[in-house]
Amino acid sequence: MRVLVAGATGVVGHPLVGALRARGHEVSALVRDASRAPEADRVVVADALDREAVLSAVSAARPEVVVHQLTALRLLRDDPPEAFAQTARLRTEGTAHLVEAARAAGARRLVAQSIAFAAAPQGPPVLDEDAPLYVDAPDPGWAATVRAVAELERLVAGSGLAGMVLRYGTLYGPGTGYARDGGTALRVLAGKLPLPEGGAGITSFLQVDDAVQAAVAAVESEATGCLHVTDDDPAPAAQWLPHYARTLGAPPPRTLPAALAPRLLGWFMTHQLTTARGAANDRARTALGWKPAHPSWRDGLGRE
Ligand SMILES: NC(=O)c1ccc[n+]([C@@H]2O[C@H](COP(=O)([O-])OP(=O)(O)OC[C@H]3O[C@@H](n4cnc5c(N)ncnc54)[C@H](OP(=O)(O)O)[C@@H]3O)[C@@H](O)[C@H]2O)c1
């Protein structure tokens with residue numbers, strides 16, 4: 001198939017181009033800077049926030065399937081507010097541009113990256129895809145992020161294309177924030193990520209290669225809708241954070257009185273470590289015939 005990958009220089013997008021080509025697909029890489037493009041059958045250049053540029057790049061590639069792996073989360077380490085603001089724009093305006101361009105170019109399918117940790121913290125510890133999104137989170141920044149995620153999912157569902165949203169769990173592995181040289185690892189190594197009392201927030205992790213393989217399966221599938229793409233081992237912070245620190249060779253995280261957590265860790269990290277819910281992957285297994293090759297973070301988190 002002719003497949004276009006937007007975000008082809010990314011942690012997921014870059015290896016995805018190679019994985020799709022290895023499956024025999026003809027892959028166009030959409031990038032902002034051609035000098036950083038992965039090896040592909042065709043490279044097309046556009047800023048995803050520039051509608052005309054996206055229309056022209058996608059029409060040159062004439063894809064049957066468009067894959068959206070655009071985020072600005074790489075900026076998280078240096079400028080978190082900008083990372084979230086830019087990512088929100090990519091999820092709203094960027095998605096709208098890709099949908100319009102995909103339709104104009106005659107594509108029939110769209111696969112887009114979303115997140116598996118945007119659910120409101122209600123109900124059981126591990127949720128399925130029907131759980132409501134946390135669009136009314138008390139933190140304005142996180143509420144804006146979740147509303148952008150909801151808009152991306154709405155645009156894909158209403159695109160008129162066979163749309164599939166992959167809600168990735170918290171990515172770990174090479175190039176991510178949890179890699180040994182990533183922002184979260186450096187924070188843990190410096191002893192600056194304490195564990196709020198109880199540590200009951202659940203995280204569903206996902207190794208990057210599993211994210212890539214799920215995207216390949218989604219390209220080749222006819223399924224539509226929203227799927228959690230996560231490992232099989234959702235875990236509370238009280239388990240994963242000390243384990244991660246040990247693997248990194250960092251000091252054990254100190255315990256933080258719950259009342260101090262928001263001031264010291266910020267709203268989002270406090271939510272993640274104390275109230276967040278995990279995300280069950282049963283539907284992705286059934287709909288995509290995919291399963292994680294890394295079923296538990298316990299074997300890989302902090303090792304590379
Ligand atoms: N899902 C999650 O778990 C999650 C949550 C929080 C943080 N993170 C972190 O975010 C990263 C996730 O990897 P990812 O693949 O989602 O992100 P990524 O590695 O930052 O890749 C994003 C892609 O989007 C492209 N892009 C950004 N702005 C663009 C624009 N205006 N026009 C065109 N392309 C644009 C980037 O291109 P350029 O090379 O031109 O910038 C890059 O190819 C990891 O570092 C991870 O630790 C992930």
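Because the model is predicted, local features need pLDDT of at least 70 and side-chain atom pairs count only at pLDDT 80 or more, while totals for chains, interfaces and linings use all residues. Residues are numbered from 1 along each chain as its sequence is written, and side-chain values use heavy atoms, with hydrogens and water left out.

The sheet is open and is formed by seven strands in the order β3-β2-β1-β4-β5-β7-β12, with parallel pairing. Here strands (E, at least two residues) and helices (H or I, at least four) are DSSP runs numbered from the N terminus, and two strands pair if DSSP finds at least two bridges between them. At the edges stand β3 (42-45) and β12 (225-229), each of which pairs on one side only. Within the sheet, β5 (residues 109-115) and β7 (residues 162-168) pair in the parallel sense over seven bridges, and Arg109 stands opposite Ala162 in β7.

Helix α6 (residues 208-220) packs on this sheet, touching β1, β4, β5, β7 and β12, and its direction makes about 170° with that of β7; contact means heavy atoms within 4.5 Å, and axes are lines fitted to C-alpha atoms, for helices over the stretch in contact, with angles running from 0 to 180 degrees between N-to-C directions. Helix α1 (residues 13-22) lies across β1 (2-6), β2 (26-31) and β4 (65-68), and runs at about 170° to β1.

Two further helices pack against each other: α3 (residues 80-104) and α4 (residues 140-157) meet at an angle of about 10°, with their axes 9 Å apart. That makes α3 roughly parallel to α4, since angles under 35 degrees count as roughly parallel, over 145 as roughly antiparallel, 65 to 115 as roughly perpendicular and the rest as oblique. Among the residues in this contact are Phe84, Ala88 and Val99 in α3, and Trp142, Leu152 and Val156 in α4.

Leaving aside neighbours within four places in sequence, the contacts of Val3 include Leu20, Val27, Val65 and Val219. Ser221, found in the loop between α6 and β12, is also buried, with a relative accessible area of 11%, and, not counting residues up to four places away in sequence, Ser221 touches Arg109, Ala287 and Leu288.

Conventions: Buried < 20%, exposed > 50% of the residue type's maximum accessible area, 1.4 Å probe, protein only.
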